[in-house]
Amino acid sequence: MQTGDLKDELTCPVCLQFYCNDDAECVCGSCIVAGRHKSHTLLSLDQAQAAIKVKLEREIEKIGEVQRTCSSKKKELEISEAEIKTQINELKGKVSKNFSEWRKKLDEDEESTVRLIDEEGLQVLSQIKSCSEALNRKMEQIALIDGETQSLLQTDPLSTIQAAAVALPVSIV
C-alpha cells in the first residue's frame, strides 16, 4: 500500500473496519495484515464503540458526581454566606446599640458634671462676692477713719487730742 493510498483509506469510513486498541485509532484490513498494527490488539468497530461508550458513561458518571459535589458545596457556601451576613448585621446592630447607650450615658454624665461645676462655681462665686462686699465695707470704714484722721491732723492741738480720745482706743491716747 502506498502513502497516498493510506491517506485516502484513513478518511474513507468503508475501509476502516477495525480499531487498534494499542494505538487508539481506526485501521483498515491491510494495516492489520501487513502494516504496523499486525501484532496489536484489535477490535471490531462495534466492539470498540461499545468499550468507548462504557468509558464515556463512566466519565459522564464521574462528571455528574463532580457536578453534584460542586452543587452541594455551592449550596453550603450560599447558606454559610447568608448566615455570615446575618451574623454581621446582628453584630453591627449590637455594636451600634452599645455605642448609642454609651453616648447616652456619656451625655448624661457630661450634663451632670457640668451641673455640679455650675453649682460649685455659683457657691464659690457667692462666697467671693460676700467676702468682696465685706472688704468693701471695711474699706469704706477705713476711708472714713482715714478722712477723719487726716482732718484731725489739720486742727489745733486741743481739738486733735479731744477728737482722738473719741476716735482711737484708750491705750493709744
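Predicted model: local features only at pLDDT ≥ 70, side-chain atom pairs only at ≥ 80, totals over all residues.
**His37.** I placed His37 in the loop between α2 and β3 (42-44). Is His37 buried or exposed? I find a relative accessible area of 3%, so His37 counts as buried. Leaving out residues up to four places away in sequence, I noted what His37 touches: Cys20, Asp23, Glu25, Val27, Cys31, Ile32 and Leu42.

**Core.** Next I looked up the largest nonpolar core, and found six residues there: Leu16, Cys20, Val27, Cys28, Cys31 and Ile32. Two or more of these residues come from each of β1 (16-20), β2 (25-28) and α2 (29-33).

**Sheet.** I then traced the strands, which form an open sheet of three in the order β2-β1-β3, paired antiparallel. On average, neighbouring strands are turned by 45 degrees against each other, direction ignored. Between β1 and β2 I recorded four bridges; Tyr19 has Cys26 in β2 as its bridge partner. I also checked α3, which lies across β1, β2 and β3 and runs at about 95 degrees to β3.

**Confidence.** Where is confidence lowest in the chain, and where highest? Helix α1 (residues 3-11) is lowest with a mean of 45, and helix α3 (residues 45-153) is highest at 95. I noted a pLDDT below 50 over residues 1-9, a stretch with eight contacts in the model beyond near neighbours in sequence. For the chain, the average pLDDT is 87, and 88% of the residues score at least 70.

How values were computed
Residues numbered from 1 in each chain as written. Heavy atoms only, no water. Core = buried A, V, L, I, M, F, W, Y, C linked by side-chain atoms within 4.5 Å. Buried < 20%, exposed > 50% of the residue type's maximum accessible area, 1.4 Å probe, protein only. Contact = heavy atoms within 4.5 Å. pLDDT = per-residue confidence, 0-100. Pairing = 2+ DSSP bridges. Axes fitted to C-alpha atoms, helices over the stretch in contact; angles between N-to-C directions.
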